Amino acid sequence: MKKLVKNKNLIILILCFTIILLCIGFSLISIRLKEQDAEGKIYDVEIVNIQEGTAIKGGTVLPTGTYKIEDNGKTANFTFNLTSPKDTLTYIITIKNNGNLKAKIDGLAESPDYLNDNNQANAILPVIINHNDITNQELNPREEIKLTITVEFSNSGQTMNKTVPYAISILSSYVE
């Protein structure tokens with residue numbers, strides 16, 4: 001009989017110890033989950049780098065350009081200086097998703113809009129600005145995409161100093 005009571009007490013002690021360990025384990029898991037929720041979801045798409053590509057000289061003066069990243073990495077601001085037919089400048093803009101949410105490029109806001117506004121395009125003739133289309137492309141967290149801008153002095157133009165201001169902004173949203 002004493003042995004039976006001793007075994008019951010031992011089983012009760014082991015069960016109590018197991019319950020205490022389970023409580024500690026669930027508390028630690030709960031704390032870890034709360035920390036992950038506190039970190040939250042981050043949405044951050046920005047221009048991280050602008051790299052000068054090729055500069056092709058059509059005449060005696062090499063075409064030049066200046067650039068600056070503004071608006072917390074949302075806008076690239078350029079000034080292009082071209083003088084001769086066949087002058088060409090290329091810039092490669094690196095856009096990165098620094099957040100932990102998937103993002104989508106909704107569009108590009110250009111100022112002035114030389115691609116879609118004929119009045120603006122005619123104002124800078126014989127200079128033509130083009131870029132690759134990255135609209136509707138999705139970026140996973142930490143993924144990058146390249147936007148290539150090409151500025152060229154048309155072959156049909158006459159030699160003249162042409163300074164062209166240009167700004168391009170990234171319009172993006174997160175994907176659930």
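Rings of Phe, Tyr and Trp (its six-membered ring) count as a pair if their centres lie within 6.5 Å; planes under 30 degrees apart are stacked, over 60 edge-to-face, and the rest tilted. On that basis, Y67, F78, F80, Y91 and Y166 make up one aromatic cluster.

Some housekeeping: this is a predicted model, where local features need pLDDT of at least 70, side-chain atom pairs count only at pLDDT 80 or more, and totals for chains, interfaces and linings use all residues. Residues are numbered from 1 along each chain as its sequence is written, and side-chain values use heavy atoms, leaving out hydrogens and water.

The ring rule gives eight aromatic pairs. Among them are these two:

| Pair | Centre to centre | Angle of planes | Class |
|---|---|---|---|
| F78 and Y91 | 5.3 Å | 55° | tilted |
| F80 and Y166 | 6.3 Å | 35° | tilted |

Where do F78 and Y91 sit? F78 is in strand β3 (residues 75–82) and Y91 in strand β4 (residues 88–97), so their pair ties together parts 13 residues apart in sequence. Strands here are DSSP runs of E, at least two residues, and helices are runs of H or I, at least four, numbered from the N terminus. F80 also lies in strand β3, while Y166 is in strand β9 (residues 162–175), so that pair links parts 86 residues apart in sequence.

Buried means under 20% relative accessible area (1.4 Å probe, protein chains only). Both F78 and Y91 are buried, and so are both F80 and Y166.

Over in helix α1 (residues 2–39) you'll find I20.

Conventions. Buried means under 20% relative accessible area, exposed over 50%, partly exposed in between (1.4 Å probe, protein chains only).
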